[in-house]
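Here are a few friendly notes on the strands and their pairing, for you to follow with the model open beside you. Please take the points in order.

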Amino acid sequence: MTALTGSLPGRKGLAALLCGALAAGGLAAAGVSLLEPSRASASSHREAPLISGQPEYDNTDVYAFVSPDKPDTTTLVANWVPFEEPAGGPNFYPFPEDGRYDIHIDSDGDAQGDLLYRWTFKTKIRNGNTFLYNTGPVTSLDDPDLNVNQTYDIDVLKLDKQRIVSTTKIADDLPIAPSHVGKASMPDYKKLRDQAARQLGDGSTSYVGQADDPFFLDLRVFDLLYGGDLSEVGRDTLKGYNVNTVALQVPTAKLVQSKKQPVISVWSTTSRKNASGKWTQVSRLGMPLVNEVVVPRKDKDKFNASSPWNDADFLPYVTKPELPKLIEAIYKIKAPAEPRKDLVSVFLTGVKGLNMPPNVRPAEALRLNTSIPPSADPKRLGVLDGDNAGYPNGRRLADDVVDISLQVVEGELVGQKNDLGDAVDANDMKFGDTFPYVALPTSGSRGDTADQGAGSSPRNALNGGTAPAGSATEDDSALLIGSAAAAGAGVLLIGLGLTWWRMRRRVI
């Protein structure tokens, strides 16, 4: 029997109609989000191609500063896992068990670590028959309702010419403050964090757990340097995101070579086991923004796998940096003359008379002069504003490293005065006055209570998330319009499906 297709759409025509219907439904659904743009998932910490796919091993930032309330100690902070969305369950953000998380201390400026603090982790799950991270409100770190428990060890390795001389365990099976699921799950997260801050036998104080990401900046620098016309500045793109933090407050005498040589160099690395069971370094960080905006794409993974001892490999990227040339091309601000010896002092050797150790070997690391006391009136621009206790002498949480770095790159230290910056001058959350200093993590809840945020319509899951009668908002209207459009597309799909079925019946 011959098929009757003259006036009916063929397979291609029907497929086109179906695609059109799907597109209509997709556009309708997209229209809901387009009416109110969601927060952009911009990227800075994801500084190299390989590590961008391994966020749990990605070291986002390192800080080293003389403790403001205990000036005979030095605080070291390192963060991992960029862009932790607070409500990102059910697994949230554990430290992996196959990683080594290290902070290196060089006490003589030869670009070789003399001390290495190493964190390793273990995970225990109480109940594998639930999808929940916690099975009820968690009021303490040993609460049986905390289903996913993590602990950590810290080992201190003494090194000589990059060989291990001794290993000492200073923390054994200590609890980690969990991810902040929300206020129904963790009604007093500060209590949990306080419980996770522990005194260690060697005189140090330790904290491991989640924290608000302390880095503040407008990441739209990657949109051809703030939109090509400086229109894209002033928004803290990391606002509302968390990180996994390790913090350690150490008696300074344990870190320095001597009182006569008080400068230490600090950097961090992450290593993980490869398929053959060997440890491979996958992330490295010292000074902020170096791998992001100094090292070119072809060498970013190489930098993450390298050691400061070999940083001569990357010297041309500092002496002849790309960023000033881009700024000159886009904004006509003349780039300083090369080679950039001023950048070598800031990023590779330390500044003479401030934080340069004797007989220094150029290498990328934070350099902290521990003999400079904490400032009574900290300035966000650190050394550029006369505050020698701030960046680039180490790095404090509140130092505005983006503005400082932009001004230095554009020649602030060689007579080309400027006031460049991203218009984000402070973190969105207040830092603490005592250890571990980092701000509490953003909660997975929307507001002060678990079921209602400030200014939101009262909704709950029992009525499908709809607002009570008479309380519709523009967002509700947008949602209803989008739902209606999607429903219309669904009706069209059903109609086309019936047409196709009837056509098949006619040709059998």
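1. A definition to begin with: two strands are said to pair if DSSP finds at least two bridges between them. Please keep in mind that the model is predicted.

2. Let's start with β3, which spans residues 99-106. Strand β4 (residues 115-125) pairs with β3 in the antiparallel sense, over five bridges. For a residue to look at, take Tyr101, whose bridge partner in β4 is Trp119.

3. β3 also pairs with β10 (residues 263-273), again in the antiparallel sense, and here there are eight bridges. His104 has Trp267 of β10 as its bridge partner.

4. Is β3 mostly covered or mostly open? It is mostly covered, with seven of its eight residues buried. In a regular strand, side chains alternate between the two faces of the sheet.

5. Now to another part of the model: five strands form an open sheet in the order β1-β2-β9-β8-β7, and the pairing is antiparallel. Which strands lie at its edges? They are β1 (59-66) and β7 (198-199), each of which pairs on one side only.

6. Arg198 has Ser206 in β8 as its bridge partner.

7. Lastly, have a look at helix α2 (residues 189-196), which packs on this sheet and touches both β7 and β8. The direction of α2 makes about 150° with that of β8.

Note on methods: Residues are numbered from 1 along each chain as its sequence is written. This is a predicted model: local features need pLDDT of at least 70, side-chain atom pairs count only at pLDDT 80 or more; totals for chains, interfaces and linings use all residues. Side-chain values use heavy atoms; hydrogens and water are left out. Helices (H or I, at least four residues) and strands (E, at least two) are DSSP runs, numbered from the N terminus. Contact means heavy atoms within 4.5 Å. Axes are lines fitted to C-alpha atoms, for helices over the stretch in contact, and angles run from 0 to 180 degrees between N-to-C directions. Buried means under 20% relative accessible area, exposed over 50%, partly exposed in between (1.4 Å probe, protein chains only).
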